[in-house]
Amino acid sequence: MKGTEAFQELLPLIKDDEPVVHANGFICRESFALKDREANFYMIGSMGLASSIGLGVALCKPEKKVIIFDGDGNVLMALGTLAMIAGEAPKNLIHVVIDNEVYESTGNQRSLSSKVQLENVAKSSGYKNTIRVEKKDEIKLAFLKLKELPGPNFLLIKVKPCFDPSTGRVTHTPEEITKRFMQAIG
Amino acid sequence: MVASEISKIGKSLNMFPLTSQSFINCLIQEGYKFFTGVPCSLLSGLIYELEGQEEARYIPAVREDAAVGLCTGAYLSGTMPVLLMQNSGLGYSLNAFTSLNLIYNIPILVIMSWRGKDGKDAPEHIIMGDIDKKLLQTARMEYSLLNKENYAEVLKKAKKKIYEEKLPYTLIVEKGLFDERH
């Protein structure tokens with residue numbers, strides 16, 4: 001499965017007012033290119049911080065389902081944040097990791113996720129439900145189940161590193177991203 | 001926030017001596033309800049006060065940059081955040097400030113302890129104790145040295161920066177300003 005196919009499956013399952021925090025790199029670009037949403041927070045830098053930002057949103061907006069779109073490199077950089085998420089245990093948080101086992105944005109250097117099963121790290125940290133999927137047609141059922149069950153929940157999606165470098169970059173300025181995200185999530 | 005409201009900040013505070021308790025109460029009254037950070041002994045009295053609060057929450061962070069992320073999420077959700085950390089955490093969090101908060105216009109009130117002041121501290125604190133203010137200046141992040149006389153004024157300055165310019169503001173805390181809990 002390509003990363004873009006994973007996003008094609010996920011995006012229709014997210015309501016307009018549900019906050020989605022995106023990790024930097026191809027995570028942002030794939031999602032933006034397929035469907036730009038006002039309730040999307042796009043990171044252009046600060047690798048590793050999508051998860052802690054998502055945690056902050058989930059804790060302060062307990063009435064909304066909050067989604068993090070993360071990458072394996074980002075999660076590995078901030079493994080400690082998995083403990084923070086498990087410790088605070090927001091029921092409304094779904095942490096989705098698109099795992100291509102490489103740092104694709106910088107030229108496909110290998111990451112550690114081919115050897116370290118991130119869903120197991122999340123599970124032993126204390127996430128309530130974790131699912132690993134490797135096939136495209138498993139994504140919908142898994143995501144909807146994790147959205148339904150009290151979290152924090154973790155969905156790991158294994159994909160092949162085949163990002164199309166012609167995919168556009170996020171065109172909004174950082175200030176615009178802040179403003180419209182805040183307005184969209186109220 | 002309008003200018004007249006900002007000018008009111010802290011007026012009633014001058015009559016109270018600055019303690020961990022009065023300072024935390026004051027921050028909560030001024031609308032800071034979300035606290036996180038990585039502890040320092042110089043800030044231990046403040047964190048102790050926070051743990052007993054019903055109106056505010058303190059969330060232990062694993063690293064200072066993760067605490068910046070958490071504060072960012074809180075601000076984006078309409079809650080004004082405070083980050084407590086030792087100056088050693090400035091190194092860990094500097095990239096988060098420069099590539100996130102300073103360009104996305106996301107404010108945080110930072111309370112940073114000053115270890116290594118005047119070269120009199122454990123070896124690991126000496127260099128950062130010398131360069132932390134220079135690092136803040138280089139990153140064009142405003143700060144004030146907090147003391148028992150200036151806190152009302154300093155909080156007013158911080159709030160102006162945070163609400164009008166939507167940028168982080170740092171309060172630097174020296175040893176002895178607040179009580180320590182061991």
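Mentor: 25 residues of chain B are in contact with 25 residues of chain A (C-beta atoms, placed from the backbone, within 7 Å). This is a predicted model: local features need pLDDT of at least 70, side-chain atom pairs count only at pLDDT 80 or more, and totals for chains, interfaces and linings use all residues. Residues are numbered from 1 along each chain as its sequence is written, and chains are lettered from A and ligands numbered from 1 in the order in which they are written.

Trainee: Which helix supplies the largest share of chain B's side?
Mentor: Helix 4 of chain B, with nine residues. Helices are DSSP runs of H or I, at least four residues, and strands are runs of E, at least two, numbered from the N terminus.

Trainee: What does helix 4 of chain B meet in chain A, and at what angle do the axes cross?
Mentor: Helix 3 (residues 50–60) of chain A; the axes come within 6 Å and cross at roughly 40° (lines fitted to C-alpha atoms over the stretch in contact, angles from 0 to 180 degrees between N-to-C directions).

Trainee: Which residues of helix 3 of chain A take part?
Mentor: Among them are Ser52(A), Gly56(A) and Cys60(A). Their partners in helix 4 of chain B include Gly69(B) and Leu76(B).

Trainee: New topic. Which residues of helix 7 of chain A are buried?
Mentor: Ile139(A), Phe143(A) and Leu146(A). Buried takes 20 or more other C-beta atoms within 10 Å of the residue's own, exposed 12 or fewer, and partly exposed is in between.

Trainee: And what do they pack against?
Mentor: Helix 1 and strands 4, 7 and 8 of chain A. On the other side of helix 7, Leu141(A), Leu144(A) and Glu148(A) are exposed.

Note on methods. Contact = placed C-beta atoms within 7 Å.
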